[in-house]
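Please prepare a briefing on the model shown below, grouped by topic.

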Amino acid sequence: MSYIDETIEKIQKLHPEQKEFIQAVKEVLESLRPVIERNEDEYRREAFLERITTPERIIMFRVPWVDDKGNAHVNNGYRIQFNGAIGPFKGGLRLHPSVNLSIMKFLAFEQVFKNSLTGLPIGGAKGGSDFDPKGKSDREVMAFCQSFMNELYRHINHDRDVPAGDIGVGAREIGYLFGQYRRLTAQYEAGVLTGKGLSFGGSLCRREATGYGLVYITEELLKDHGTSLEGKRVVVSGAGNVATYAIQKAQQLGAKVVTCSDSTGWIYDPEGIEVALLKEVKEVKRARLTEYAKARPSAEYHEGKGVFTVPCDVALPCATQNELPLEYAEALVKNGCMAVCEGANMPTTLEATAYLQSHGILFLPGKAANAGGVSVSALEMSQNSERLSWTFEEVDAKLQGIMKNIYANISARAKEFGKEGDYVSGANIAGFLKVENAMKAQGII
Ligand code: NDP
C-alpha cells in the first residue's frame with residue numbers, strides 16, 4: 001500500500017468521527033502524490049505524513065459564563081496549534097454551535113498550507129467554541145469572550161500564537177478578547193490578536209481583505225484564461241464578512257452579483273445586490289435577510305438553500321464548509337458556470353470538486369482564494385511591530401500583490417507536477433513544499 005493510503009487509513013481508524021478533518025487530509029494528501037511518491041521511503045522513515053497531519057498541540061478547555069438572567073452556561077473552548085514550522089501560529093477563532101474537534105482540526109490543517117501560500121512567516125492554527133453568539137446581548141458576548149480569554153491567554157502571544165476572527169468573531173469580539181488579554185497580562189501587546197479596531201492597532205483593509213482578495217485572485221484566474229469579471233453574472237453565498245466584501249469588489253470590477261444567503265435563507269436580486277443595504281441589515285442590525293427583501297422591491301427571498309441553482313458565470317461560495325455538494329455542482333455545470341472560487345473554507349465537497357474539475361470548470365480552492373484575510377492579518381502584525389499604520393491604499397496594494405503571487409505560484413506548481421490547470425493540486429503542493437523544507441531543517445520534532 002502506498003504511504004499516502006496508509007496514512008489516510010491510519011487517520012480514519014484513529015479518528016473515525018472526525019469527518020471534516022478526514023476530508024481535508026484526503027484532499028491534501030491525494031494531491032501530494034506526485035511529490036511523496038518520488039521519495040516514498042524517506043518520507044516514511046521520517047514519519048513525515050504522520051507528523052504533518054498531527055497537530056503540534058491541542059488545547060481544550062471549559063468556558064463558563066453567566067447570562068443576563070443570572071444563569072450559568074458552559075461551552076467548549078479549543079485552540080489547535082497545528083504547525084509552527086514557518087512562523088508563529090496564526091489562524092482565526094470561530095464561534096458557532098457546530099464547532100467541534102473535527103471542524104477545528106480541519107480548519108487548522110488547511111490554515112497551515114494557506115499561510116504558507118501567502119509567502120509570509122506564519123504557522124497554522126485555529127480555535128473557537130460551540131458558543132452561539134446569535135440572540136445574545138452585548139454583555140453576554142463580552143462575558144463569554146472574557147471567560148474564553150481567561151484560559152487562552154496563557155497559550156498565546158505575538159511570537160507564539162496570534163488568533164484572529166472567523167465565523168461569529170468580528171471587531172466586537174476581538175475588542176473584548178483584546179481587552180481581557182491586556183487586563184490579564186498588564187501589557188499592551190497589540191500584535192497578539194489581529195482584526196482589531198482601528199483605534200487600537202487594527203489595520204485598514206483587514207475587514208475587506210478576504211472578500212477583496214478572493215475577487216482579486218478570481219480576476220487573475222479569469223485574465224489568465226482570456227476573460228475578466230467585467231459584465232459577468234456572479235452568485236455569492238453567505239452574507240457575512242467574506243461575502244459582503246466579495247460582492248462589493250466584484251461589483252466595482254463590473255460584475256453583477258445576484259445572490260447572497262444566510263443560515264436561514266437566500267436572496268435573488270436580478271438588479272444586483274445593494275451592498276449598502278446588505279451592510280445595514282447584517283453589520284448594523286444583525287438581522288435576517290428577510291429585512292433586505294422587505295427594503296428592496298427587486299429582491300426575492302427564499303427559505304433554505306438554493307444560491308447555486310441560479311444561472312451564473314462565476315460562483316463564489318462564502319458561507320461555510322460543505323455548502324456546495326454534488327447536486328449544486330451539477331446545477332452549476334448545467335447552467336454554464338465557468339469558474340468556482342472558494343471564499344469559505346472547504347465549501348465544496350470532494351465529490352463536487354471532482355465533478356466541477358472534470359467538467360472543465362476553473363476551480364480555485366479556499367486555501368489559495370481566501371488567503372487575503374490572513375495575509376492582511378500578517379500585515380497588521382508588521383504594522384504593530386513597527387508601531388505604525390499604513391494607508392488603506394498601501395495595504396490594498398500589498399494584498400493585490402500577494403493574491404497575484406499566490407495565483408502565479410499555484411499555477412506554476414500545478415504545471416511543474418504535470419497537473420496544469422488543477423489549482424487544488426497546485427495550492428496543496430506549493431503550500432506543502434515550503435512547510436516541508438522548514439520541517440526537515442528543524443529535525444524530527
Ligand atoms: P461571518 O460569520 O461573517 O459570516 C458567515 C456567513 O455564512 C453568514 O451569512 C452566516 O449566516 C452564514 N453561515 C454560517 N454558518 C452557516 C451554515 N452552517 N449554513 C448556512 N450558512 C451559514 O463569517 P465569515 O464571512 O468571516 O466567514 C465565512 C467563511 O469564510 C468561513 O468558512 C470562514 O472560515 C472563511 N474565512 C473567513 C475569513 C475571514 O477573514 N473572515 C478568512 C478566510 C476564510 P448568518 O448571517 O445567519 O449567521
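Lys 26 is partly exposed, at a relative accessible area of 29%; buried stands for under 20% relative accessible area, exposed for over 50%, and partly exposed for what lies in between (1.4 Å probe, protein chains only). The model is a predicted one, in which local features need pLDDT of at least 70 and side-chain atom pairs count only at pLDDT 80 or more, while totals for chains, interfaces and linings use all residues. Residues are numbered from 1 along each chain as its sequence is written, and side-chain values use heavy atoms, with hydrogens and water left out.

**Surroundings of Lys 26**
- Lys 26 belongs to helix 2 (residues 19–31); helices (H or I, at least four residues) and strands (E, at least two) are DSSP runs numbered from the N terminus.
- Apart from neighbours within four places in sequence, Lys 26 has contacts (heavy atoms within 4.5 Å) with Ile 8, Gln 12 and Leu 350.
- Between Lys 26 and Glu 342, the separation is 316 residues in sequence and 18 Å in space, C-alpha to C-alpha.

- Cys 205, although not a glycine, has a positive phi of about 75°.
- This cysteine, Cys 205, lies in the loop between helix 8 (171–185) and helix 9 (206–224) and is buried, with a relative accessible area of 3%.
- Arg 387 is likewise not a glycine and has a positive phi of about 55°.
- The loop between helix 16 (372–386) and helix 17 (392–416) holds Arg 387, which is exposed at 73% relative accessibility.

- An open sheet with parallel pairing is formed by five strands in the order 7-6-11-12-13; two strands pair if DSSP finds at least two bridges between them.
- Strand 7 (256–257) and strand 13 (362–364) are at the edges with a single partner strand each, so one side of each has no neighbour in the sheet.
- Strand 6 (residues 233–237) and strand 11 (residues 314–317) run parallel and are joined by four bridges.
- Val 235 is placed opposite Ala 315 in strand 11.

**The chain as a whole**
- The protein chain has 18 helices and 13 strands.
- Its radius of gyration, taken over C-alpha atoms, is 21 Å, close to the 22 Å that the globule rule (2.2 Å times the number of residues to the power 0.38) gives for 445 residues, so the chain is as compact as a globular protein of that length.
- Of the 445 residues of the protein chain, 58% are buried.
- Among contacts in the protein chain with a separation of 6 or more, 72% come from residues 24 or more positions apart.
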